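Take a look at the structure below.

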Amino acid sequence: MARPTHVIGNWKQHLLTEPAQALAQACVHAATHAPVEVAIAPTLVALPRCAPHCHPHSQLGLLAQDCAAQEQGAFTGEVGPAMLADVGALGAIVGHSERRSLLGEGDALVAAKTCALLSAGLRAVVCVGEPLDVREQGDHGRVVEAQLRASLNGALSVARDVRWQLVVAYEPVWAIGTGKTASPHDAQAMHAHLRSVLTNLAPELGGCALIYGGSVKPENAAALWEQPDIDGFLVGGASLDPAAFLAIVQACAA
Ligand code: PGA
């Protein structure tokens, strides 16, 4: 069975609600008859403004950038899976390296958030990736494998349809927002490694989408997409430009 494929725009902490809505509207075109599933991840407060342009009104998926590990309760500032679904989100990104490094999120919390999303029937886009010093020491395979295993702890047993629900994003930290991209060869090597880790954990996990992120642009998307274990992209900066986002989606047509 062919693996699912995705291009996801991570808008990070950008755009007030009005420009966010306009960008969502512009992205509908990229998603229509696209060769991959296309989704956007606006800020939490922009989700309701973007939702009327997204699934089920169009082929554009809507994701949040984070999700609470708890369903509900006395957790000031948190927003749980059912609340995200209530405003139209299909799921959320979890464990982004900015949250891990700037906000101190660890693998156990990422796993709890992943489980919360999966058990609510939503999608979790689980991010992993190594910092520069780890890459320079040549320890990236071991470090990212450990991060992935720990971030998925308990996930398989709570997922309803793991192939649809779980997306793993490999994002080398040194490539995020820096203009430096992993070479297609290096990205493929890590994806092949992570694919075998997933398959060994459970055969159905090996069928999940494994997408790449880190300075993906129209200029480098096609060469990355050609790699056999790259099933799409998590796009930051370039996703704020609808023409660049469209070009990245179209690079996945070949
Ligand atoms: P970038 O961000 O494309 O701007 O490098 C990717 C990400 O953080 O998801």
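Tyr170 lies in strand 6, which covers residues 166-170. The model is predicted.

**Tyr170**
- Tyr170 has a relative accessible area of 0%. The cut-off for buried is under 20%, so Tyr170 is buried.
- Its side chain makes a polar contact with the side chain of Arg135, at 3.1 Å.
- Setting aside neighbours within four places in sequence, Tyr170 contacts residues including Val128, Gly129, Glu130, Arg135 and Val144.
- Other contacts of Tyr170 include Met190, His191, Leu194, Ile211, Tyr212 and Gly213.
- Lys217 is 47 residues away from Tyr170 along the chain, and their C-alpha atoms are 16 Å apart.

**Asn220**
- Asn220 sits in helix 11, residues 218-225.
- Asn220 is buried, because its relative accessible area is 15% and the cut-off is under 20%.
- The side chains of Asn220 and Thr181 form a polar contact at 3.0 Å.
- Leaving out residues up to four places away in sequence, Asn220 touches Thr181 and Ser215.

**Helix 5 and helix 7**
- Helix 5 spans residues 107-119, and helix 7 spans residues 140-151.
- Their axes come within 8 Å and cross at roughly 45 degrees. The two helices are therefore oblique to each other.
- From helix 5, the contact involves Asp107, Val110, Ala111 and Thr114. From helix 7, it involves Ala146, Gln147, Ala150 and Ser151.
- The residues of this contact divide into 4 nonpolar, 3 polar and 1 charged.

Conventions: Residues numbered from 1 in each chain as written. Predicted model: local features only at pLDDT ≥ 70, side-chain atom pairs only at ≥ 80, totals over all residues. Heavy atoms only, no water. Axes fitted to C-alpha atoms, helices over the stretch in contact; angles between N-to-C directions. Helix = DSSP H or I, 4+ residues; strand = E, 2+ residues; numbered from the N terminus. Parallel < 35°, antiparallel > 145°, perpendicular 65-115°, else oblique. Contact = heavy atoms within 4.5 Å. Nonpolar A, V, L, I, M, F, W, Y, C, P; charged D, E, K, R; others polar. Buried < 20%, exposed > 50% of the residue type's maximum accessible area, 1.4 Å probe, protein only. Polar contact = N/O pair within 3.5 Å; in protein donor to acceptor, adjacent residues only side chain to side chain.
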